[in-house]
Amino acid sequence: MTLIVDSHLDLAYNAIEFNRDLRQPVAAIRQSEADMDGKGRGSNTVSLHALREGNIGLCFATVHSRVESMDGQFPGVRTQDIAYAKAQGELAFYRVLEQQGLMRMIRDVDGLNAHLAEWQADPEKAPIGFVLSMEGADPIMSPEQVPDWWEQGLRTVSLVHYGVSTYAHGTQAPGGLLPAAKLLLRAIEEQGIILDASHMADGTFWESLDVYGGPLIATHNCCRTLVPHDRQFTDEQIAAIAERKGVIGVAFDAWMLSPGWDKSNPDNSRTTLCTVVDHIDHICQVTGSAAHAAIGTDLDGGYGREQSPCDLDTIADLQKIPDILQSRGYVTDDVNGIMHGNWIDLLRRVWQN
């Protein structure tokens, strides 16, 4: 099976907020939630077992806690202190999985290379590798706290989620950077933390590029040309990330993949893994290369199978994507790049500097 790197999984969020035992198979988790109401209940797609079954040997695993949007549009915690504490709680979950030998935090090139070698030699027993990622920077209470987060393993961070955060305008909240953002961006660049452009409002995106000169990625995004919404990237934004030698992980959330998605009456029957490949291919066409497109599923990101591609039962079904890419004319080297190589090459390049 092809090695897969997934650049966006909310594993700790699912364990803590949904009270899920991710050590169980997906079927067992679904059964435990069979009588529960609520979005995504009884229809999850991700577990540690499913990651291993799909040969997903490395992922970017998030910590996430959003302060209530300043415009009141999106709920969250009241203060950064609380956001910090919740994110630390999610980090503690990953530390427990490390202690149990189930996951391994990847912090540098040596650790990355050693992990990949061990996974290749024994994928059934090697811990699942993860890069610690922060979705929305509210848990970073000040620029002075950045070195502490680095020491704890944080390697990628996005500024904002939905609405207006401590630092910037995000999805569905047009605008740019707030005063606190510039100092934070300079601090994470100096520390060597990778900036994740996901969820940035257009103004925030372009203003961030003027301030931050470090490595730029997007862990879970799709293409606005295919699905008109500010959550998706314009072709100009895709090209700008490529110019920075960045990589974009394509998300698997159906409303981001298919135009006209109705959240009040969800129907994913026309959203398939081929739809995912449409977005991957669009990034490749815009950039003239397969070097900037990758996988960043965001599966179980507050939803389940009902809002995922209809031909995906669990995350292990990512193994269907190489055949779809090959049917579109992608050669083996490009397929391997999209499935794992582009993320691995980026991490090696960034961490060797």
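## A buried phenylalanine and its partner

Phe205 has a relative accessibility of 0% and therefore counts as buried. This value, like the others in this report, comes from a predicted model. Trp206, by contrast, is partly exposed, at a relative accessible area of 37%.

The rings of Phe205 and Trp206 form a pair, with centres 4.8 Å apart and planes at 80 degrees. Planes over 60 degrees apart count as edge-to-face, so the pair of Phe205 and Trp206 is edge-to-face.

## Other aromatic pairs

The count of aromatic pairs comes to eight. One of them joins Tyr84 and Trp149, with 5.9 Å from centre to centre and 80 degrees between the planes, an edge-to-face arrangement. This pair links distant parts of the chain: Tyr84 belongs to helix H4 (residues 80-99) and Trp149 to helix H6 (residues 146-151), 65 residues apart. Tyr84 is partly exposed, with a relative accessible area of 22%, whereas Trp149 is buried, with a relative accessible area of 0%.

Ring pairs also link Phe93, Tyr94 and Phe130 into a cluster.

## Helices H5 and H13

Helix H5 covers residues 109-121 and helix H13 covers residues 332-352. Their axes come within 9 Å and cross at roughly 150 degrees. Angles over 145 degrees count as roughly antiparallel, which means that H5 is roughly antiparallel to H13.

On the H5 side, the contact is made by Val109, Leu112, Asn113 and Leu116. On the H13 side, Ile344, Leu347, Arg348, Trp351 and Gln352 make the contact. Sorted by class, the contact of H5 with H13 has six nonpolar residues, two polar residues and one charged residue.

## Cysteines without disulfides

A search of the whole structure finds zero disulfides. Cys59 is in no disulfide, and its nearest cysteine sulfur belongs to Cys222, 19 Å away. Cys59 is buried, with a relative accessible area of 1%.

Cys222 is in no disulfide either; the nearest cysteine sulfur to that of Cys222 is the one of Cys223, 6.5 Å away. Cys222 counts as buried, at 2% relative accessibility.

Technical notes
Residues are numbered from 1 along each chain as its sequence is written. This is a predicted model: local features need pLDDT of at least 70, side-chain atom pairs count only at pLDDT 80 or more; totals for chains, interfaces and linings use all residues. Side-chain values use heavy atoms; hydrogens and water are left out. Axes are lines fitted to C-alpha atoms, for helices over the stretch in contact, and angles run from 0 to 180 degrees between N-to-C directions. Helices (H or I, at least four residues) and strands (E, at least two) are DSSP runs, numbered from the N terminus. Angles under 35 degrees count as roughly parallel, over 145 as roughly antiparallel, 65 to 115 as roughly perpendicular and the rest as oblique. Contact means heavy atoms within 4.5 Å. Ala, Val, Leu, Ile, Met, Phe, Trp, Tyr, Cys and Pro count as nonpolar, Asp, Glu, Lys and Arg as charged, and the others, Gly among them, as polar. A disulfide is a pair of cysteine sulfur atoms within 2.5 Å. Buried means under 20% relative accessible area, exposed over 50%, partly exposed in between (1.4 Å probe, protein chains only). Rings of Phe, Tyr and Trp (its six-membered ring) pair if their centres lie within 6.5 Å; planes under 30 degrees apart count as stacked, over 60 as edge-to-face and the rest as tilted.
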